[in-house]
Amino acid sequence: MIPGPISTDEYLRRLEAFEHATTGLAEADPGMLTPKQALDAMVRIERCHRRLSPVTTRIAGTCDRLGVPGQLGFRNLKQLLVAALRLSGGEAAARVKAVHYRAWSTTPTGETVAPRHPLLAQAQVDGDISDAHAAAVEKAIERCRRRLTGDQLDQLEDILTGLARESTPDAVRKAAKHAADTVDPDGAEPDPEQARRARSLDAAPQDDDGLTDLDATLDAATRAMLDAVIAKWGRPGVCNPADPAPLDDTAHASEQELAAAAKRDERTPTQRRHDALTHALRLALGHAGTHRGLPAMVIATMTVDQLTSLAGTATTATGGTLPVADALRLAGGHPRYVLLTDVASRPLWLGRTRRLAAPDQRIALYATEKGCSAPGCDVPPAFCAVHHMDEYAAGGTTDIDNLTLVCDAHHATVSPDGNHTAPVADGPYRGRAGWSHPRIAGGAVRVNHTHDCTELYRQALERWTLTRSAWLRSYNQRTMAASEHAAHVQQIGPIHDEIAAVLDGPTGGEILERLLAEHDAATPWDTHACTMNGATPTRGQRNVPVSLVKTSIRKRYTHGRTTGDRSTDPG
């Protein structure tokens, strides 16, 4: 939707009306609403909130175009937003980025210029996506910009925007990352050198290199223990992963060995603290007991292809990722906690006998479900309980095809009147944990796609393909109709000109009289029968006397011959 020009007074009037409306809602207590009304109001308000984002983006872009930052002494728009709106630096930077990608602009000559990402901008105007949705899509597009053509980038924007209109920002981020990894496989692999340089103990979710920023606040006791760990294993030359002969046990190392290792050590102090914490955590896991029936170990899932090539990224039971080589190194003496799967995510090897024990069943669910099976839930498997879809108390069996992972929050919603779980009986998701609720989606069975970025992206692609196909069919029909009309006009045009030339000739009047007489003889008009009986005239009948029609044609024809006005020609 291209923003239309309005007067200054009209814009300010609309702004004032908006201020009054929001103030009135802020002062109103919605407690009198029914549950249905409250839900509807919440959805409507959220849609309005999302539509407000392009409004703020446009006005920020207008301020920048008018040179407001420079007039007020600021170097750029970001500084103005921080000072005038009291935004954080990150918020201001996101607003500037939105102006750059999603704001309509106007040239000095008054010409309207579309944003770089018009589909995203329109989705926000429609109230269908939030800033978080838009940021996820934009990140994928920017990452693929070097490897895709302009038309391909437009298609990617179309696909991901369609997904954003129907999914959460987290789902869009996963699908967008998968799309970017597919287009730019070199960027999908973690960079070991970057990870080595960047590791530290200073400050969230993993980035593309598998790194995580930690922002820890420790109590005095924990800080004291951390200091002891760093003092022992954070000294130069100790616990150095780049050392061909790393020293982990300083008690049995000589001073000469420690000095030589320290000389080889090129790590920074923060990197040494990082590696000291890694070593301490590895030792702690060896004495951590069990968690939800399994030893507290790093459990990683990878495909056979990844194992063979030692490339790619494995997924951990806690929802994280790490390079395959690191996963195998962490497995060490516990190879059964590295899960091998095929491309369909079916477990191929569990390190146990054919009849699965409870721990192995949980491991199998880790590999196949990758987290809570409730639709839209992103809780990783380590924080889920094993749930019987056919309740055990009602006679359900503890077989792998009757088990699923469910987080504590969704586990509490399973009841006869609430959520119901059962294996999907048929279709592409046969055997998956299906969820249904009598008051959600008409009781339809749904599965969770949140943990599988491939499924998310495939669904977005299928949805885009269907929409594209429907548009193409409509376009082809319109094109065909236009072609047929053009052919009709091309054929009728000469005939019309020929008739007009004959009627304009010296014998045109006589020809017209003869044609009318032949028509009267071949087609009875039966005017009086239609008029007196009140019936609707059928083909061959008219509710106007033929004499009047003849007189009217003669007058129009005579007038056209006299004045030269061809618009009145009978032809």
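In this predicted model, Leu160 is in contact with Val137, Ala140, Ala176 and Tyr457, leaving aside neighbours within four places in sequence. Leu160 belongs to the largest nonpolar core, which holds 25 residues. Leu160 is also one of the members that touch the most others. Ile129, Val137, Leu156, Val172 and Tyr457 share that standing.

Cysteine pairing was examined next. A search of the whole structure finds zero disulfides. Cys239 has a relative accessible area of 6%. This value is under 20%, so Cys239 counts as buried. Cys48 has a relative accessible area of 49%. That falls between 20% and 50%, so Cys48 is classed as partly exposed.

The surface carries a nonpolar patch. Its members are Ile6, Tyr11, Leu12, Leu15, Phe18, Leu52, Val55 and Ile59. Together they present about 640 Å² of accessible area. Helices α1 (8–27) and α2 (35–65) each give two or more residues to the patch. The largest share, four residues, comes from α1. Ile59 is found in α2. Its relative accessible area is 38%. Ile59 is therefore partly exposed, as this value lies between the 20% and 50% limits. The value also clears the cut-off of over 30% that patch residues must meet.

Notes: Residues numbered from 1 in each chain as written. Predicted model: local features only at pLDDT ≥ 70, side-chain atom pairs only at ≥ 80, totals over all residues. Heavy atoms only, no water. Core = buried A, V, L, I, M, F, W, Y, C linked by side-chain atoms within 4.5 Å. Buried < 20%, exposed > 50% of the residue type's maximum accessible area, 1.4 Å probe, protein only. Contact = heavy atoms within 4.5 Å. Disulfide = S-S within 2.5 Å. Patch = residues over 30% accessible without salt bridge, like charges linked within 9 Å, V, L, I, M, F, W, Y side chains within 5 Å. Areas by Shrake-Rupley, 256 points an atom, 1.4 Å probe, with all protein chains shown as cover. Salt bridge = Lys/Arg side-chain N within 4 Å of Asp/Glu carboxyl O.
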